[in-house]
There are 2 protein chains.
Amino acid sequence: IEADDAPAIDAALEPLHAADIADLIEQLNTRDRRALLQLWPNGVDGEILSELDENLRDEVIAQLNPDQLAEAVRDLESDDVVDLVEYLDAPQQEAVLDALDASDRVAVEKALAYPEESAGRLMQVEVAKAPEHWTVGEAIDFLRSDIALPDQFYHLVLVDPRMRPIGQATLGRILSSARATPLKDILEETFITFNVNDDEGDVARAFNQYHLISSPVVDSDDRLVGVITIDDAMIVLDEEHTEDMLRLAGVGENATISDSVFETVKQRFPWLFVNLITVNIAALIVGLFDQTIAAYVALAALMPVVASMGGSAGTQSLTVAVRAIATNDLTASNAWRVIRREMFVGLLNGLVFAVVMGAVGTFGYGSALLGLTLALAMLINLVVAALAGVLVPVVLDKLKLDPALASGTFVTTTTDMVGFFAFLGLATVILL
Amino acid sequence: IEADDAPAIDAALEPLHAADIADLIEQLNTRDRRALLQLWPNGVDGEILSELDENLRDEVIAQLNPDQLAEAVRDLESDDVVDLVEYLDAPQQEAVLDALDASDRVAVEKALAYPEESAGRLMQVEVAKAPEHWTVGEAIDFLRSDIALPDQFYHLVLVDPRMRPIGQATLGRILSSARATPLKDILEETFITFNVNDDEGDVARAFNQYHLISSPVVDSDDRLVGVITIDDAMIVLDEEHTEDMLRLAGVGENATISDSVFETVKQRFPWLFVNLITVNIAALIVGLFDQTIAAYVALAALMPVVASMGGSAGTQSLTVAVRAIATNDLTASNAWRVIRREMFVGLLNGLVFAVVMGAVGTFGYGSALLGLTLALAMLINLVVAALAGVLVPVVLDKLKLDPALASGTFVTTTTDMVGFFAFLGLATVILL
């Protein structure tokens, strides 16, 4: 396609969904991407921009001239424009805002005034609403009149005279009810509103928990200011998961495979550095026992076995705990029970692997005492691993920190240190 | 609450959402749970059962008598009943099916005939549909007539005379259009149908990619048989994420913190055992160099530093790659570019940490040659780690295996082995 054949590109891309075109643009290398944008200047519309990865949006927007940009963003809903501009550099943000109508611009600027990752930024300000005393017939006539409606809406929100939402009716119920039915009689049972300052992650989890489709957002005076729809909540939930996973592994939360080498190094370096410090401390622990190792070199070969088994078991227990905290399944009320359970799991796995490694030490390395040392160290480290795996995220959560924040590094550090210390310490006592 | 006070329990639980009651039941221990169900026999309805964790559903259903069960499941949509019974033991499944009306029972049994985790199991068979030639007015009159409608629906699906879906109109557009408008003129632009045999994970990702709200499901003759709604897709996406995370850590994919100790051990044991074998092979590699270590005991303390840094860097690169594969951002077309990029990232991080560890060896352990050995080994292992982190999941994916399947174990095994071999091998050459 990159044979400078503009009509062919047009023909190939036109039938595709904006999300697919964005994916395609993301997969090109920088040179091809530039060539494509040059050849296909009118193709990139607001929807494609919305779907693009944040890192590339800057680059692509920089190549559009103001008219193209204005054209591209004009038809977007307010929440999509906010999503589009919130992480742009200041001059580019300005360029997009300038391209909007005055009223849209006010709405977007208002949304940008809410905290990052808040319900206020996620919501769209276009809401289908009706006074609380209306009937189905009045609502339908109103919707058919020449008013500006959101592109997609699923509920009609009822508001009192002070604009406070008092409930909402699904369009399905409205459509299937007689014209004379008061809207108040067909309100949905589950009715949850969010505050503009609510965290978008909490909003997304509430959508998933209560199977919400769209929910009103209110300001600090409880007045209706917007609505959040499930498709946006789903995207947030997806992002939160990715962040959790990346944080667990000690990677910057916005890492993607389209980042440059330099950005990637910057994201990964900090936690590698933390790991470097902790593992050097573990090395100092090993250093304490240099005379034991000198007398019994097989210890050097076997100590990573104890540490690695602890690391694996700790990571297992950690991952389950981080998920459980994220889904509110692990709370203060059952934390002790979960910790006790993990201890038993560690004990049981520890016993099994103690027997196995006892046999390996006794028969593989020809020393029953070495076998005993291995077995005891393995038992200790697997119990510690199971406990560390659940305690690290629970404590981080208690400290109001993200439980996934590089927990992996903390847990493996603990199991390395305990593993080395237990194994070499026991060896010093038992073997020397 | 567990003071045998039935009315108090009733009063406390009645106003709560089914999802919250289910969470509460999950957080109780077995004894309290039993007591609660005894005291609150009529409280548990179908919605609460749907929200319960699969492991507990068996237990709770076993305590309900057939009448209570019949009462509980009667009002559920077909997809909820399927979700409820698909993983129940055969006798309990039978009991629930017996409680259904004949027509519902047929629908549920038909759904159960579709493969596990397929679109056919996820869909509800209740669909709001209309002939293709209808107008808005005809549709509204039809919806107002006394027909059975789904509890929640967002589109009216247009079908041709052979029941093949040809498009769908949002209720919002129907409500805001004049009665005379043909439905054909207000169809939604994005129209995607799924086959009953499509994988539910693919369906969920398509919902997220194309911002779908509800989509028709067709059988092998392209006939409309059901509809999938975004709330169910969101739950699937959530589960897929959790599975990915748990698999990465080598934990059984259905692990939750409400599993028993024994179940948990069973889930975690297999990959711990795999790790045991691989780490013992790594120990054999270390054993090859026992004379080097005997001559230079500090090597024993420093070899975990090289291995651990490799493990951390490998896990970082792995996590990003697994996410990218799951979201289709890493495909055959850009795999080489990503691999090359990871290599550069490994090289750059490797150079930095080589300098740091060179200094630690030279000044901390007083040997420039040891510093050189450390530096070279660190560089080699960080490059290998970055490559292993992306190659392991890419190869698993090529082999049609889940890229997350215990990749963590494979990657850390590689970095352990390469780390030990490179460090001790270089030490043998340089230091002896």
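1. A salt bridge here is a side-chain nitrogen of Lys or Arg within 4 Å of a carboxyl oxygen of Asp or Glu. By this rule the count is 31 salt bridges over all chains. The model is predicted, and every value below is computed from it.

2. Domains. The assignment divides chain A into domain 1 (6-113), domain 2 (129-248) and domain 3 (261-431). Taken over C-alpha atoms, the centres of domain 1 of chain A and domain 3 of chain A are 48 Å apart.

3. The interface. Chain A and chain B bury about 10,100 Å² between them. Of that area, 65% is on carbon and sulfur atoms. Chain A puts 116 residues into the contact, and chain B puts in 116 residues.

4. Polar links across the interface. There are 30 residue pairs in polar contact between chain A and chain B, both residues at pLDDT 80 or more. The count of salt bridges between chain A and chain B is 4. Arg323(A) forms a salt bridge with Asp238(B), with the closest N and O atoms 3.9 Å apart. On the side of chain A that touches chain B, helix α17 (residues 298-326) of chain A gives the most, with 18 residues.

5. Nonpolar cores. The largest nonpolar core holds 68 residues. Phe423(A) and Phe423(B) have the most contacts inside it. Beyond four places in sequence, Phe423(B) touches Leu299(B), Leu302(B), Met303(B), Val306(B), Leu370(B), Thr373(B), Leu374(B), Ala377(B) and Val418(B). Another core, of 46 residues, lies apart from the largest one; among its members are Ala206(A), Val236(A), Ile230(B) and Met234(B). As a general matter, nonpolar side chains tend to be buried together in soluble globular proteins.

6. Helix α6 of chain B. This helix covers residues 66-73, and its buried residues are Gln68(B), Leu69(B), Ala70(B), Ala72(B) and Val73(B). What covers them? The cover includes α4 (46-51), α5 (54-63), α7 (78-85) and α8 (90-98) of chain B.

7. Pro393(A). This proline lies in helix α19 (residues 368-398) of chain A. Is Pro393(A) buried or exposed? Its relative accessible area is 0%, so Pro393(A) is buried. Leaving aside neighbours within four places in sequence, Pro393(A) is in contact with Leu318(A), Ala321(A), Val322(A), Ile325(A), Ala388(A) and Pro403(A). Val411(A) is 18 residues from Pro393(A) along the chain, and their C-alpha atoms are separated by 9.5 Å.

8. Asn381(A). Helix α19 of chain A also holds Asn381(A). Asn381(A) is buried, with a relative accessible area of 0%.

9. Asn334(A). This residue is found in helix α18 (residues 332-364) of chain A. Why does Asn334(A) count as buried? Because its relative accessibility is 3%, and buried means under 20%. Not counting residues up to four places away in sequence, Asn334(A) touches Asp329(A), Gln27(B) and Ile257(B).

10. Arg121(A) and Glu86(A). These two form a salt bridge, the closest N and O atoms being 2.8 Å apart. The pair links distant parts of the chain, 35 residues apart. Arg121(A) sits in helix α10 (residues 119-122) of chain A, and Glu86(A) in the loop between α7 (78-85) and α8 (90-98) of chain A. Arg121(A) and Glu86(A) are both buried.

11. Glu132(A) and Lys184(A). The closest N and O atoms of this salt bridge are 3.7 Å apart. Glu132(A) is in the loop between β1 (129-131) and α11 (136-144) of chain A, and Lys184(A) in the loop between α12 (171-175) and β4 (194-195) of chain A, so the bridge ties together parts 52 residues apart in sequence. Lys184(A) is partly exposed, at a relative accessible area of 45%.

12. Glu243(B) and Arg247(B). Their side chains meet in a salt bridge at 3.6 Å, N to O. Both lie in helix α14 (residues 230-248) of chain B, 4 residues apart, about one turn of the helix. Glu243(B) counts as buried at 10% relative accessibility. Arg247(B) is buried too, with a relative accessible area of 15%. In chain A, salt bridges that share partners join Glu94(A), Asp98(A), Arg105(A) and Glu109(A) into one network.

Note on methods
Residues are numbered from 1 along each chain as its sequence is written. Chains are lettered from A and ligands numbered from 1 in the order in which they are written. This is a predicted model: local features need pLDDT of at least 70, side-chain atom pairs count only at pLDDT 80 or more; totals for chains, interfaces and linings use all residues. Side-chain values use heavy atoms; hydrogens and water are left out. Domain bounds come from an automatic or database domain assignment. A nonpolar core is a set of buried Ala, Val, Leu, Ile, Met, Phe, Trp, Tyr and Cys residues joined through side-chain atoms within 4.5 Å. Buried means under 20% relative accessible area, exposed over 50%, partly exposed in between (1.4 Å probe, protein chains only). Contact means heavy atoms within 4.5 Å. Buried area is the accessible area (1.4 Å probe) that two parts lose on being put together, summed over both. A polar contact is a pair of N or O atoms within 3.5 Å; within protein, one must be able to donate a hydrogen and the other to accept it, and residues adjacent in sequence count only if both atoms are side-chain atoms. Helices (H or I, at least four residues) and strands (E, at least two) are DSSP runs, numbered from the N terminus.
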